[in-house]
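Hi there,

Here is the structure I promised to pass along, with some notes to read beside it. Have a look at it first, and then read on below.

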Amino acid sequence: ANVKTHDMPPDEADGQPTSHIRLELANDIMLKELAQVRSESAVKRRGLNDEFPYLFIPRRMQHSWNSARTISAPGKWAHNPAFMHPADMAQLGIKSGDAVKIRSRHGEIQGIVEADEALRTGVLSMTHGFGRGRGMDRSAPRAGANVNELLHWEDDYDPYHGQPRMGALPVSVIPVREN
């Protein structure tokens, strides 16, 4: 239920010092966690290694909002491309439009790679909310890839709300060669 300020007692609606509602900044627990994260090795925390040398990060696309897309809206893609820096693509011997297998510790998907010079090298970026669910026919990669296949509920989840890590996820990228 939405609470409107005119429904609140005057001292809360007006931000009076007598109000018991406060925004807590610099909570002790939060500060301890931030200090711990600051002292960690980012590479070690992210789990990058020879097997999983790229970081998957989510991205937004016009006409796509998480799991809802406006298919009829004008857009460049009806799928969620796997965006990579051109230098990474050259190193893998792939070009825009090629199929790649993207693998994490928890699963794998097939994507269609596209170049994006704005990305840092070592990063793969895709939009959530595309593809088919587990056990469904995924033989049409141009329908998009379900990036949830790369995630797991127990992988570095947030202790306060339980959401798994959805970005900075270590992945491998393997070209799919047509036979």
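**What turned up**

Thr127 counts as buried, since its relative accessibility is 4%. I begin with this residue since it leads to several others. Please keep in mind that the model is a predicted one.

Thr127 is found in the loop between β7 and β8. Its side chain reaches the backbone oxygen of Arg59, at 3.2 Å.

**The surroundings of Arg59**

Arg59 is worth a stop of its own. What does the charged end of Arg59 sit over? That charged end is placed over the ring of Phe83, 3.8 Å from the centre of the ring. The side chain of Arg59 also meets that of Asp116 in a salt bridge, at 3.0 Å from N to O. This pair links distant parts of the chain: Arg59 is in the loop between β1 and β2 (64-65), while Asp116 is in the loop between β6 (108-115) and β7, and the two are 57 residues apart.

Arg59 has a relative accessible area of 24%, so it is partly exposed. Asp116 is at 15% relative accessibility and therefore counts as buried.

As a general point, side chains of opposite charge can pair when their charged atoms come close.

Another joins the side chains of Glu51 and Arg103, at 3.2 Å from N to O. Glu51 lies in the loop between α3 and β1 (54-58) and Arg103 in strand β5 (residues 99-103), so this pair ties together parts that are 52 residues apart in sequence. Both residues are partly exposed: Glu51 because its relative accessibility is 45%, and Arg103 because its relative accessible area is 25%.

Lys95 and Asp98 form a salt bridge too, with their closest N and O atoms 3.1 Å apart. Here Lys95 is exposed, as its relative accessible area is 56%. Asp98, in contrast, is buried, with a relative accessible area of 19%.

**The overall layout**

Now for the wider view. The protein has four helices and eight strands. Starting at the N terminus, its elements run α-α-α-β-β-β-β-α-β-β-β-β. Of the 179 residues in the protein, 31% are buried. If you go looking for aromatic pairs, the structure holds zero of them.

**A nonpolar patch on the surface**

Which residues form a nonpolar patch on the surface? They are Met30, Leu31 and Leu34, and together they have about 270 Å² of accessible area. Leu31 belongs to helix α2 (residues 28-39). With a relative accessible area of 41%, Leu31 is partly exposed.

**Two alanines with positive phi**

Phi of Ala26 is near 60°, which is a positive value in a residue other than glycine. Ala26 sits in the loop between α1 (10-13) and α2. Is Ala26 buried or partly exposed? It counts as partly exposed, because its relative accessibility is 44%.

Ala168 also has a positive phi for a residue other than glycine, near 55°. Its place is in the loop between β7 (123-126) and β8 (169-175), and Thr127 is found in that loop as well. Ala168 counts as buried, at 19% relative accessibility, because the cut-off for buried is under 20%.

Last, a pair to pick out on the screen. Arg45 and Leu169 are 124 residues apart in sequence, and their C-alpha atoms are 10.0 Å apart in space. Arg45 lies in helix α3 (residues 42-46). This arginine has a relative accessible area of 41%, so Arg45 is partly exposed.

That is the tour. Enjoy looking around, and write back with any questions.

Best wishes

How values were computed: Residues are numbered from 1 along each chain as its sequence is written. This is a predicted model: local features need pLDDT of at least 70, side-chain atom pairs count only at pLDDT 80 or more; totals for chains, interfaces and linings use all residues. Side-chain values use heavy atoms; hydrogens and water are left out. Patches are made of residues with over 30% relative accessible area and no salt bridge: like charges are joined within 9 Å, nonpolar side chains (Val, Leu, Ile, Met, Phe, Trp, Tyr) within 5 Å. Accessible areas come from the Shrake-Rupley method with a 1.4 Å probe; for residues, only the protein chains shown count as cover. A salt bridge is a side-chain nitrogen of Lys or Arg within 4 Å of a carboxyl oxygen of Asp or Glu. Buried means under 20% relative accessible area, exposed over 50%, partly exposed in between (1.4 Å probe, protein chains only). A polar contact is a pair of N or O atoms within 3.5 Å; within protein, one must be able to donate a hydrogen and the other to accept it, and residues adjacent in sequence count only if both atoms are side-chain atoms. Rings of Phe, Tyr and Trp (its six-membered ring) pair if their centres lie within 6.5 Å; planes under 30 degrees apart count as stacked, over 60 as edge-to-face and the rest as tilted. A charge sits over a ring if NZ of Lys or CZ of Arg is within 6 Å of the ring centre and within 35 degrees of the ring normal.
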